[in-house]
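Colleague: I have this model open and would like to go through a few spots with you. Could you take me through them one at a time?

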Amino acid sequence: MFQSKIAGLGYYVPKNVYTNNDLTRFMETSDEWIQERTGIKERRFADRVGETTTSMAVEASKIAIERANTTAEEIDFVIFATLSPDYYFPGCGVLLQREMGMKEIGALDVRNQCSGFIYALSIADQFIKTGMYKNILVVGSEKHSFALDFSTRGRSVSVIFGDGAGAVVLQPTNEEGKGILSTHLHSDGAEAEKLAMYFPGASAGYYLGEQMPQWPDVELGGMLMTKEMLEDGSAFPYMDGQAVFKKAVVKFPEVIGEALAKNNLKTTDIDMLIPHQANLRISQFVQKTLGLSDDQVFNNIQKYGNTTAASVPIALCEAWEEGKIKDGDLVCLAAFGAGFTWGSALIRW
């Protein structure tokens, strides 16, 4: 059985920088308020027209493929993680395959939100280990800005998120002890509605209950986007920030510890932890819980905000480009997000 290694990695973020002060044009907020709660100073927003979840993924993928010393034609499987696809269907995987001129290969879409890239990486790892595929492109890409409530009502959510994409190419390796050592995936749907976007969805009325506006009695049926939904905010993402924080600070250290225990390693063995960039306060809490130094944890949420499925590959690539990940280093990736879902991956670089 093969081991899988990250042979190439790349990321792309839009050119449009929006600082916290820029957001004060749309809502009642301040740089101090946002930084105190999230650690974010600025984020990137894609162009409203022409720049999409897929187009950003293409740019990140080009870099990863080149660094892997391969070509788009040699990629034999695509796994695309996003919560903000260009279309409700089909998924972005086939759009990426088309835009990059790939062969008629398989394309799988993963909808695990913030932990989507970890899930996608784990799936790719299994395909490489069994020998089914030799060049797998794993992508996380998000365009949040088109669906956020940029008003005072929605500020607790909209100030957090940004746009961007990250990608890696997985290939087999025979190097002893190198590559992905193990991956660990979990979910608990008991509090699924604590972090969710209910529309479009056939069960939205059930979960929202009395908050739902009355549906128009028309032949097309119930699930129509109405003016009332935009006005009362039910059409936008919802987050119970305290509930998410409480769960995340427990599950992050837990799933990291699981990965270390599986490989008979300790937290002191970690050279670099790349947490999903959900909130700087969460990352700092996890760092303190695990007893890690600043040099052992990489955060870039200050610059990009929370790019959900894209945040881990963006941070991983940026840390590597800055020389903070070197050959032989033990790298741990971890994420927690809506669902709730969470996971980790332990990699010997």
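Predicted model: local features only at pLDDT ≥ 70, side-chain atom pairs only at ≥ 80, totals over all residues.

Colleague: Where is Ser158 found, and is Ser158 buried or exposed?

Modeller: Ser158 lies in helix α6, which covers residues 155–158, and Ser158 is buried because its relative accessible area is 1%, under the 20% cut-off.

Colleague: Which residues is Ser158 in contact with, leaving aside neighbours within four places in sequence?

Modeller: With those neighbours set aside, Ser158 is in contact with Met27, Leu148, Phe150 and also Asp149.

Colleague: Switching to Ser84, where is that one found?

Modeller: Ser84 sits in the loop between β4 and α4, and Ser84 is buried, with a relative accessible area of 4%.

Colleague: What does the side chain of Ser84 make a polar contact with?

Modeller: The partner is the side chain of Glu142, at 2.6 Å; not counting residues up to four places away in sequence, Ser84 touches several residues, including Thr53, Ser141 and His144.

Colleague: How many residues does α3 have, and what does it reach from first C-alpha to last?

Modeller: Helix α3 (residues 53–67) has 15 residues and reaches 22 Å, close to the 21 Å expected, and Asn69, which follows α3, has a positive phi near 55°.

Technical notes:
Residues numbered from 1 in each chain as written. Heavy atoms only, no water. Helix = DSSP H or I, 4+ residues; strand = E, 2+ residues; numbered from the N terminus. Expected span 1.5 Å × (residues − 1). Buried < 20%, exposed > 50% of the residue type's maximum accessible area, 1.4 Å probe, protein only. Contact = heavy atoms within 4.5 Å. Polar contact = N/O pair within 3.5 Å; in protein donor to acceptor, adjacent residues only side chain to side chain.
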